[in-house]
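I opened a new notebook page for this model and went through it by topic. The entries below follow the order in which I looked things up.

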Amino acid sequence: MVEQTQATGPNLAGWYPSILGPLNSIKERVAEIFSPRSDVGVTNDEYEISVELPGVSLEDITLEIHGSDLVVYGEKRTERTEEDKSFFITERSFGTFQRSFRLPSHVDTDKIDASFEDGVLKIRIPRAGDAPQTSRRIDIQNSSA
């Protein structure tokens, strides 16, 4: 006969969720640092992308086209220092980021322009004619007649 025994010691059944809480918080903070927020709009003539890059210098931003992707690369460097009677605190936030946007086939990539003002990168992408027709209805012929 085999005897079953229970392990003695602390009950660890609830440890997993308690560890994930802080890790999820860190994950969200890292995502904020490394994936800047953006807006994408369209007019009859162009697409416009605005990317929020507070605390980033123009010299630390690169904009490139790779195939049909428009990619924004950069690095954020921030430092905050506080002094008081009995303490001194320095907080730094830094890291690289990359954000990609898939370009439609009907844009003129040679005429893309970008500007950077007050922490916002604005990218204008001219449309090159009408969008290709991506869907249409096909009539079905009755072949039983």
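This is a predicted model: local features need pLDDT of at least 70, side-chain atom pairs count only at pLDDT 80 or more; totals for chains, interfaces and linings use all residues.

Entry 1, burial and surface. I looked up burial over the whole chain: buried residues make up 18% of the 145 residues in the protein. Buried means under 20% relative accessible area, exposed over 50%, and partly exposed in between, with a 1.4 Å probe and protein chains only. The protein exposes about 11900 Å², and carbon and sulfur atoms supply 48% of that area. These areas come from the Shrake-Rupley method with a 1.4 Å probe, and for residues only the protein chains shown count as cover.

Residues are numbered from 1 along each chain as its sequence is written, and side-chain values use heavy atoms, with hydrogens and water left out.

I found 1 helix and 7 strands, in the order α-β-β-β-β-β-β-β along the sequence. Helices (H or I, at least four residues) and strands (E, at least two) are DSSP runs, numbered from the N terminus. For contacts between residues at least 6 apart in sequence, I noted that 49% join residues at least 24 apart; contact means heavy atoms within 4.5 Å.

Entry 4, the sheet. Which strands form the open sheet, and in what order? I read 4 strands in the order β1-β2-β7-β6, with antiparallel pairing. The edge strands are β1 (38-42) and β6 (113-117), each of which pairs on one side only. The twist averages 15° from one strand to the next; axes are lines fitted to C-alpha atoms, for helices over the stretch in contact, and angles run from 0 to 180 degrees between N-to-C directions. Two strands pair if DSSP finds at least two bridges between them. I found 5 bridges joining β6 to β7 (residues 120-126), and Phe116 has Leu121 in β7 as its bridge partner.

Asp118 is not a glycine, yet has a positive phi of about 50°. Its relative accessible area is 74%, so Asp118 counts as exposed.

The largest nonpolar core has 16 residues, and Ile49, Leu53, Leu70, Val72, Leu121, Ile123 and Ile125 touch the most other members. β2 (46-52), β4 (69-83), β5 (88-102) and β7 each give two or more residues to this core. A nonpolar core is a set of buried Ala, Val, Leu, Ile, Met, Phe, Trp, Tyr and Cys residues joined through side-chain atoms within 4.5 Å.

Leu121 lies in β7 and counts as buried, at 4% relative accessibility. Not counting residues up to four places away in sequence, I listed its contacts, among them Ile49, Ser50, Ile61, Val72 and Phe116.

Ser50 in β2 is buried at 14%. Their C-alpha atoms are separated by 6.5 Å. Beyond four places in sequence, Val40 touches Glu48, Ile49 and Phe101.
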